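Hi everyone, thanks for coming. Please have a look at the model on the screen, and I'll walk you through it in a few minutes.

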Amino acid sequence: MHDMLSAHPDPVKDPAAVAAAIEALNACAAHCRSCADACLAEDSVADMRDCIRLDLECADICAATAAVLAGSSGSHAARVGLIAVCVEVCDACSKECSSHSDHHEHCALCAEACARCAEACRSLLS
């Protein structure tokens, strides 16, 4: 992704950071989708409702943010706003998944992916 961002006629300011964020966003989206699916397979699925909802919301927002960041053109303000929302939802999803991590390894793995994604996105905002 770094090479693609660098090859753009109107390259982003820090292609390495943007590429790292896109990779973290895509990984987080995949982890969240998988975690939601795993939560649905748990015997205590009713107890996992909030986790499932946040997983799905986080997956959608991360996927959308990765897609927007892959394009260098467009409104800077819109990208910043989307990244900020992504940080917020990743933090919330990480917290929710962490609350289930003692009993569900998939939640622990998802919480870690969300935390990494939030950090990668924060680096773009600074």
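This is a predicted model: local features need pLDDT of at least 70, side-chain atom pairs count only at pLDDT 80 or more; totals for chains, interfaces and linings use all residues.

**A first tour of the protein**

Residues are numbered from 1 along each chain as its sequence is written, and side-chain values use heavy atoms, with hydrogens and water left out.

Now the overall layout. You can find 5 helices and 0 strands here, so from the N terminus the order reads α-α-α-α-α, where helices (H or I, at least four residues) and strands (E, at least two) are DSSP runs numbered from the N terminus. Of the 126 residues, 40% are buried, a word that stands for under 20% relative accessible area, with exposed meaning over 50% and partly exposed in between (1.4 Å probe, protein chains only). Next, contacts, meaning heavy atoms within 4.5 Å. Among those between residues at least 6 apart in sequence, 67% join residues at least 24 apart.

Let's look inside. The largest nonpolar core has 36 residues, and Cys-58, Cys-62, Cys-90 and Cys-117 have the most contacts within it. A nonpolar core here is a set of buried Ala, Val, Leu, Ile, Met, Phe, Trp, Tyr and Cys residues joined through side-chain atoms within 4.5 Å. Two or more core residues come from each of α2 (15–41), α3, α4 and α5 (105–125), and α2 gives the largest share, 11 residues. Setting aside neighbours within four places in sequence, Cys-90 touches Cys-28, Cys-58, Cys-62, Cys-114, Cys-117 and Ala-118.

With those cysteines in view, how many disulfides does the structure hold? The count is 0, a disulfide being a pair of cysteine sulfur atoms within 2.5 Å. For Cys-35, the nearest cysteine sulfur belongs to Cys-107 and is 3.8 Å away. For Cys-121, it is that of Cys-86, at 4.1 Å. Cys-35 is buried, at 1% relative accessibility, and Cys-121 is buried too, at 0%.

On to helix α3. As a reminder, an α-helix has 3.6 residues a turn, so residues three or four places apart point the same way.

Ser-94 sits in helix α4 (residues 76–98), counts as buried at 13% relative accessibility, and touches Ala-111, Cys-114 and Ala-115, not counting residues up to four places away in sequence.

His-104 lies in the loop between α4 and α5. Is His-104 buried or exposed? His-104 is buried, at 11% relative accessibility, and beyond its neighbours within four places in sequence it contacts Glu-42, Ser-44 and Met-48.

Glu-105 belongs to helix α5 and is exposed, with a relative accessible area of 61%. Glu-105 and Ala-38 are 67 residues apart in sequence, yet 9.8 Å apart in space, C-alpha to C-alpha.
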